[in-house]
Amino acid sequence: MKLNRRDCLVQSTWTTGALAVTASALPASSAWANDSGVQTLVQHHPAKAKRVIFLFMHGGPSHVDTFDYKPMLIRDNGKDLPFELPPQISAKPTLLASPWKWSQHGEAGLWATDLLQEMNKHLDSLCVVRSMHTRGQSHGQAVGMVNTGSDNFVRPSVGAWISYALGAGHPDLPAHVAIAPATAHGGPRNYGAAFLPAKHQATVVGKNGQIGDGKIAYLDAAEGHQFDLVNQLNRGHVQSAGRDRATDGAIEAVDLANRMRGTAPEVMDLSKETDATKKLYGIGEKTTDSFGRSCLMARRLAESGVRFITVSSGQVWDQHGNLKNGHEKNAAKTDLPIAGLFADLKQRGLWEETLVVWGGEFGRTPVVQGSNGRDHNPQGFSMVLGGGGIRGGITYGETDDYGYYAVRDRVHMHDLHATMLHQLGVDHERLTYPYAGRDFRLTDVHGRVVEEILES
């Protein structure tokens, strides 16, 4: 098909307008690689989990105020840290004990403060990795690491890699959904596909920790003929100019969005849930309603076949000052909904096949910043895992006596990603994609599966 200048202008106008309808299915443009783009199911070994729900506590909750018990920090409160601070820290070297009370919980007796009282009730089902470390003293770097495995380059997100490896679990739903993701600290790159085919980018609901109306933008208002027109124009472009990754990705995304019109609204309709279930998540209560609806939607998407779901708190866990008030406010919004999600997954038989990960991009310093805050700490912090073949009621690894550096059984962010893929039946060293002259992996050239936290 040969197009003149007028045809090109008409095509450009219609395509630009119609693609707004599928903006949530194709949130950002992607680079492309010269390969066939054929999707095949990757299954290197038997999977223990079918899906992942990542509860992203954006901003960095304090490990020494939640799950990393440090008696010496309590004992030496107000004294100087007995070793040098890491570089790029604006905190004082003065130790700051947690303002919350520590106690042991469950049959396993895991230590935790009373900040997250509802989550504490599930500690016998959870594993606390206390020896996490990562790259990135700033939010942008560390958020990139936890979501993409890179602190500086644009790379495919974890969800995009999982979508690429396993494909969608439902023919009319995406494999990858981001609920209330941030627009800052990388924004779309944290749920994007980068050089992977565009269809592996996340479909987005809400933004910045708020689920909003709980709908995919533009989907309800879209008409079938709009999708048909966009695909007709895209395929005409392919006939005239040849195939390329960007056009193939656009066609796939538009096709998916068209199919989603008949399935997604029903799956995402929370009104179908019982009053008891809504209460479990704190829906209807002012403080917990938004995050509760995000968590309930995550459960509905999970049971419908979505492979990777991120639920973001918004960048609220960043208390450089007012630690006690800030963390308590964040806990009040998220603690009950998260515990509700755990309980709901368990009662529906989904817990064993769903890997749940809770945590932020880094932890906080055990020393004070200002008069009552904590600075960023990528040198040592905690992540909580449960379900999906993870051993419950255990801790793994240690930070030093004050909770600053990971010192024993250290777990890097690449190790966490390798373990997540492993539980889905995917070998992180064999999941590769050719781009720019070499094969890329989520874990780059690093990463090990943390076998010690896995059920036998």
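The paragraphs below treat the nonpolar cores, the cavities and the aromatic pairs in turn.

The model is predicted. Its largest nonpolar core holds 53 residues, of which Leu 55, Phe 67, Ile 179, Leu 301, Ile 309, Ile 338 and Trp 358 touch the most other members. The element that gives the most to this core is helix 10 (residues 289-303), with seven residues. Apart from this core there is a second, separate one of 49 residues, which includes Val 158, Ala 193, Leu 196 and Val 426. In soluble globular proteins, nonpolar side chains tend to be buried together.

When its neighbours within four places in sequence are left aside, Leu 301 is in contact with Val 177, Ile 179, Val 267, Met 268, Val 306 and Ile 309. Leu 301 also belongs to the lining of the second largest cavity, together with Leu 173, Pro 174, Val 177, Thr 203, Val 205, Ile 216, Met 260, Ala 264 and Met 268. This cavity contains about 50 Å³ of space, and its lining divides into nine nonpolar residues, one polar and no charged.

Over the whole structure, a search finds five cavities of 30 Å³ or more. Two or more lining residues come from each of helix 4 (139-148), helix 5 (158-166), strand 5 (176-179) and strand 7.

Thr 310 lies in strand 7 (residues 308-312). Its relative accessible area is 12%, so Thr 310 counts as buried, the limit being under 20%. Neighbours within four places in sequence aside, Thr 310 is in contact with Phe 54, Phe 56, Val 177, Ala 178 and Ile 179.

The aromatic rings complete the picture. The count comes to 14 aromatic pairs. In one of them, Phe 195 and Tyr 433 are stacked, at 6.0 Å centre to centre with 20° between the planes. This pair links distant parts of the chain, 238 residues apart: Phe 195 is in the loop between strand 5 and strand 6 (203-205), whereas Tyr 433 is in strand 16 (residues 433-435). Phe 195 is buried because its relative accessible area is 2%, and Tyr 433 is buried at 0%. Both rings belong to one aromatic cluster, which is formed by Trp 161, Tyr 164, Phe 195, Tyr 433, Tyr 435 and Phe 440.

How values were computed: Residues are numbered from 1 along each chain as its sequence is written. This is a predicted model: local features need pLDDT of at least 70, side-chain atom pairs count only at pLDDT 80 or more; totals for chains, interfaces and linings use all residues. Side-chain values use heavy atoms; hydrogens and water are left out. A nonpolar core is a set of buried Ala, Val, Leu, Ile, Met, Phe, Trp, Tyr and Cys residues joined through side-chain atoms within 4.5 Å. Buried means under 20% relative accessible area, exposed over 50%, partly exposed in between (1.4 Å probe, protein chains only). Helices (H or I, at least four residues) and strands (E, at least two) are DSSP runs, numbered from the N terminus. Contact means heavy atoms within 4.5 Å. On a 1 Å grid over the protein atoms alone, a cavity is a set of points where a 1.4 Å probe fits but cannot get out, and a pocket is an open set with protein on both sides within 12 Å along at least five of seven lines; lining residues have an atom within 4 Å of a point. Grid points are joined across faces, edges and corners, and a volume is the space filled by probe spheres set on the points. Ala, Val, Leu, Ile, Met, Phe, Trp, Tyr, Cys and Pro count as nonpolar, Asp, Glu, Lys and Arg as charged, and the others, Gly among them, as polar. Rings of Phe, Tyr and Trp (its six-membered ring) pair if their centres lie within 6.5 Å; planes under 30 degrees apart count as stacked, over 60 as edge-to-face and the rest as tilted.
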